[in-house]
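Hi,

Here is the structure I said I would send over. Have a look at it first, and then read on for what turned up.

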Amino acid sequence: MSDILYFVIPCYNEEEVLPETSKRLAVKMRQLMEAGKISEKSRVCFVNDGSKDKTWQIIQDLHAQNPLFSGICLSRNRGHQNALLAGLLTVREFADMVISMDADLQDDIEACDQMIDKYYEGCDIVYGVRSARKTDTFFKRTTAEGFYSLMRHMGANTVSNHADYRLMSKRALEGLSQFKEVNLFLRGIVPMIGYPSDVVYYERAERFAGESKYPLKKMISFALEGITSLSTKPLQIITDMGGIIFLISIVILIYSMVRHAMGATVVGWTFLAVSVWAIGGLILLSLGIIGEYIGKIYLETKDRPRYLIAQFLDADHGFDTKKPRERREDKIPDSP
């Protein structure tokens with residue numbers, strides 16, 4: 001019997017693209033079922049991340065019209081990574097394998113056939129990797145390459161040119177559920193799971209409709225989140241920088257003493273002013289980096305929930321937190 005596949009697709013203000021996305025996914029799911037690659041119980045699960053438009057209404061309509069579509073509605077906007085995690089950890093109980101992708105149709109849906117083949121060959125994780133960046137602007141291509149290069153140099157173990165288009169088995173999802181950090185960077189966490197993995201290359205298309213949810217400012221923030229969540233190398237750089245400045249100060253001290261012994265007058269007011277400003281700036285920068293890590297520690301110790309699910313629409317497993325759940329039979333019976 002074929003295994004159950006769930007697509008997990010985070011959505012934030014995607015009313016323009018959802019009708020087309022659902023149409024293409026329905027066709028692909030039917031093809032996979034007819035080919036015997038996946039079970040008839042497979043589903044497409046859209047995760048509404050506190051959208052302000054009609055995204056959730058569209059998801060509800062899709063579910064009502066076709067049981068193939070499931071929907072998760074978070075209590076409020078929690079960000080792309082938390083929305084994706086919410087979907088993955090919710091459906092892992094019902095799925096044998098899960099494919100995550102964005103709703104904008106930039107990820108090639110046809111590549112999932114190869115992912116599923118590699119899953120049956122024994123891979124627990126299959127990464128969708130871009131083969132080229134022909135559709136990107138020069139600025140986007142340059143900044144993206146710089147992002148992956150920076151991540152590598154900072155010690156963050158990520159897969160180059162891979163976003164969040166990947167297949168994960170139930171075993172891999174169980175491993176992911178054991179990572180409890182609040183500061184999420186799934187592109188770096190998933191490789192830490194360590195089960196057998198492989199890659200599938202595909203060409204990324206232009207966004208079908210709507211606007212990108214990752215402008216430059218958010219991309220920079222995302223990169224900093226990844227570096228500080230996965231690596232302590234910035235702290236090591238501060239230590240190295242402090243040692244270098246200390247050695248330079250010793251050289252300057254020796255030079256000043258020699259000049260004084262020779263009876264020469266030290267001119268150096270400009271040098272002194274520049275030194276004070278430079279060292280002061282480095283101190284503030286160092287404190288900022290250290291503060292970033294302390295802030296993450298502060299958030300982790302609070303142990304707040306990463307997301308709250310308000311409603312889960314599914315043909316077999318749905319629930320609504322507004323309504324009391326039915327009493328399970330396997331609970332310990334009340335005392336007489």
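One term before anything else: a residue is buried if its relative accessible area is under 20%, exposed if that area is over 50%, and partly exposed in between (1.4 Å probe, protein chains only). By that rule, 42% of the 336 residues of the protein count as buried.

A word on what you are looking at. This is a predicted model, where local features need pLDDT of at least 70, side-chain atom pairs count only at pLDDT 80 or more, and totals for chains, interfaces and linings use all residues. Numbering starts from 1 along each chain as its sequence is written, and side-chain values use heavy atoms, with hydrogens and water left out.

The pLDDT (the predictor's confidence in each residue, from 0 to 100) averages 81 for the protein, and 81% of the residues score at least 70. Over residues 325–336 it is below 50, and that stretch has four contacts in the model beyond near neighbours in sequence. Contact here means heavy atoms within 4.5 Å.

**Overall fold**

The secondary structure comes to ten helices and nine strands. These are DSSP runs, numbered from the N terminus: helices are H or I with at least four residues, strands are E with at least two. Of the contacts with a separation of 6 or more, 82% are between residues 24 or more positions apart.

**The cores**

I used "nonpolar core" for a set of buried Ala, Val, Leu, Ile, Met, Phe, Trp, Tyr and Cys residues joined through side-chain atoms within 4.5 Å. The largest has 38 residues, and Leu5, Phe7, Ile9, Phe46 and Ile99 touch the most other members. Helix H1 (residues 18–34) gives the most to this core, with five residues. A second, separate core has 32 residues, including Tyr6, Ile72, Leu74 and Leu176.

What does Ile9 touch, leaving aside its neighbours within four places in sequence? Its contacts are Leu25, Val44, Cys45, Phe46, Val47, Met101, Asp102 and Ala103.

Leu32 is found in H1 and counts as buried because its relative accessibility is 2%. Not counting residues up to four places away in sequence, Leu32 touches Leu5, Lys37, Ile38, Cys112, Asp113 and Ile116. Leu32 and Asp113 are 81 residues apart in sequence, yet 7.9 Å apart in space, C-alpha to C-alpha.

**Helix H2**

In H2 (residues 55–65), the buried residues are Thr55, Trp56, Ile58, Ile59 and Leu62. They sit on the same side of H2 because they cover an arc of only 160° around the axis (the arc of the directions from the helix axis to the C-beta atoms). As background, an α-helix has 3.6 residues a turn, so residues three or four places apart point the same way. Ala64 and Gln65, on the other side of H2, are exposed. The buried residues of H2 pack against H1 and against strands E1 (5–11), E2 (43–48), E3 (69–74) and E8 (309–313).

**Strand E4**

E4 (residues 97–100) is covered on both faces: Met97 and Ile99 are buried on one side, Val98 and Ser100 on the other. Two strands pair if DSSP finds at least two bridges between them. Four bridges join E1 to E4, which run parallel, and Val8 has Ser100 as its bridge partner in E4. Four bridges also join E4 to E6 (residues 162–169), but these run antiparallel; there, Met97 has Ser169 as its bridge partner in E6.

**Aromatic pairs**

Rings of Phe, Tyr and Trp (its six-membered ring) pair if their centres lie within 6.5 Å; planes under 30 degrees apart are stacked, over 60 edge-to-face, and the rest tilted. The whole structure has five such pairs. One of them, Tyr6 with Phe94, is tilted, at 6.4 Å centre to centre and 45° between the planes. Tyr6 is in E1 and Phe94 in the loop between helix H3 (80–91) and E4, 88 residues apart. Tyr6, Phe94 and Phe312 form one aromatic cluster.

Tyr6 is buried, with a relative accessible area of 1%, and Phe94 counts as buried at 17% relative accessibility. Phe46 and Phe69 make a stacked pair, 6.0 Å centre to centre with 20° between the planes. Phe46 lies in E2 and Phe69 in E3, so this pair ties together parts that are 23 residues apart in sequence. Both Phe46 and Phe69 are buried.

Cheers
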